[in-house]
Amino acid sequence: MLEITARVWEGTDYLPHVLDRWLADPNATLEVAELDGVVVGFQRLRPITQRIVLYEGLRVAEEHRRRGVARAMLRHALEEGSGQGFGEMRLITGNPAACGLFDAEGFHRLVHCQVWLAGRVEGVDLPRLVAADEAAALFARLRADPAYDAYGRVNAHWQDVSDLDEELLGRLAEEGLVRASGGGRALALLEPRPHNRLAASLVAGSGAALQDLLMGLRFEADSQGYEGVRLFAPVPHPASDDFAEVGYHLADGQVQRYAYARELTG
Ligand SMILES: CC(C)(COP(=O)(O)OP(=O)(O)OC[C@H]1O[C@@H](n2cnc3c(N)ncnc32)[C@H](O)[C@@H]1OP(=O)(O)O)[C@@H](O)C(=O)NCCC(=O)NCCS
């Protein structure tokens, strides 16, 4: 299986780092496809709620591609998911070529996020850390913000394509991953363990509150030793003018995110 991942994304695939954990995880289903006794592909199904199962880790060996292996595996996963009683399957991919497969197999796109980058800046006005007991009030604001629909009402990052709701905000706040400004008028959801840049999977709000928050993230990146900030924003994001105002630019050549969902019938 490691051989299959070695050539994915120029060797930067995250899978080799998680494979041991995946193999040992009793809560998810890891499936392999074999041809003549050789493993040519794999995929995983992992529940993210009682109703929703995440489809992840789809990989097909380079020499066996474009012969329908992924399509057959995905169809099997759909059967498996509905057989296990799930009502919906979600997934996120960074590969635009794979979108043709998901479109054709009945998924609808929740969101396509592009990447915005900004460098770190020295400064003391760090963004405010949100506490878990603020989740209800923050969610009420978020739900009224155009960004809520623009993000497809989900938090699109690799580990889970969860519903944007009060429970999620509370959970992320407990982990210290929610930032706000302007009395909650602007909001950012940070990603755990980012690589070289502080990363936000979602930013909402607009105007001065959002600009303060985005500047604050650049200060926070500096204070934590990151080279800058990476934002994931839907195409289009309702407040992208504010991004540019405070030094963020749309980046070429970065892995974008496409999140999908599909109903499962029992
Ligand atoms: C994406 C991937 C899983 C496809 O596997 P595969 O077995 O070659 O896919 P299939 O032959 O079943 O193709 C199914 C459909 O996917 C789309 N597709 C697959 N590869 C494509 C490519 N290189 N360019 C454009 N479309 C492509 C097409 O719509 C295709 O249907 P078609 O052949 O009728 O046009 C494989 O290329 C891979 O492992 N890539 C690296 C990892 C990755 O990107 N995983 C995606 C999910 S995270």
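**Close-up views of a predicted model**

**View 1. The loop that holds Pro-236 lies between strand 12 (228-234) and helix 9 (240-245).** As in every view here, the structure shown is a predicted model. Within this loop, the peptide bond that joins Val-235 and Pro-236 is cis, with an omega of about -5°. Most peptide bonds are trans, and most residues other than glycine have a negative phi.

**View 2. Asp-36 sits in the loop between strand 1 (29-35) and strand 2 (38-47).** The backbone of this residue, which is not a glycine, takes a positive phi, with a value near 50°.

**View 3. The ligand is surrounded by 18 residues, the closest of which are Val-60, Arg-66, Gly-68, Arg-71 and Asn-95.** Three elements, namely strand 3 (52-60), helix 3 (69-83) and helix 4 (99-104), each contribute at least two residues to the shell around the ligand. By residue class, this shell is made up of nine nonpolar, four polar and five charged residues.

**View 4. Oxygen atoms of the ligand face N or O atoms of the protein, one example being an N or O atom in the side chain of Asn-95, at 2.7 Å.** The backbone takes part as well: a polar backbone atom of Ala-70 is 3.0 Å from an oxygen atom of the ligand, and a backbone N or O atom of Arg-67 lies 3.2 Å from a ligand oxygen atom. Of the 910 Å² that the ligand exposes when it is taken alone, the protein buries 76%.

**View 5. Helix 5 (residues 135-143) packs with helix 7 (residues 166-174), their axes lying 9 Å apart at an angle of about 125°.** Because of this angle, helix 5 counts as oblique to helix 7. The crossing in which helix 5 passes helix 7 is right-handed.

Definitions and conventions:
Residues numbered from 1 in each chain as written. Predicted model: local features only at pLDDT ≥ 70, side-chain atom pairs only at ≥ 80, totals over all residues. Heavy atoms only, no water. Near = heavy atom within 4 Å. Polar contact = N/O pair within 3.5 Å; in protein donor to acceptor, adjacent residues only side chain to side chain. Areas by Shrake-Rupley, 256 points an atom, 1.4 Å probe, with all protein chains shown as cover. Helix = DSSP H or I, 4+ residues; strand = E, 2+ residues; numbered from the N terminus. Nonpolar A, V, L, I, M, F, W, Y, C, P; charged D, E, K, R; others polar. Axes fitted to C-alpha atoms, helices over the stretch in contact; angles between N-to-C directions. Parallel < 35°, antiparallel > 145°, perpendicular 65-115°, else oblique. Left-handed = near helix turned anticlockwise from the far one by under 90°.
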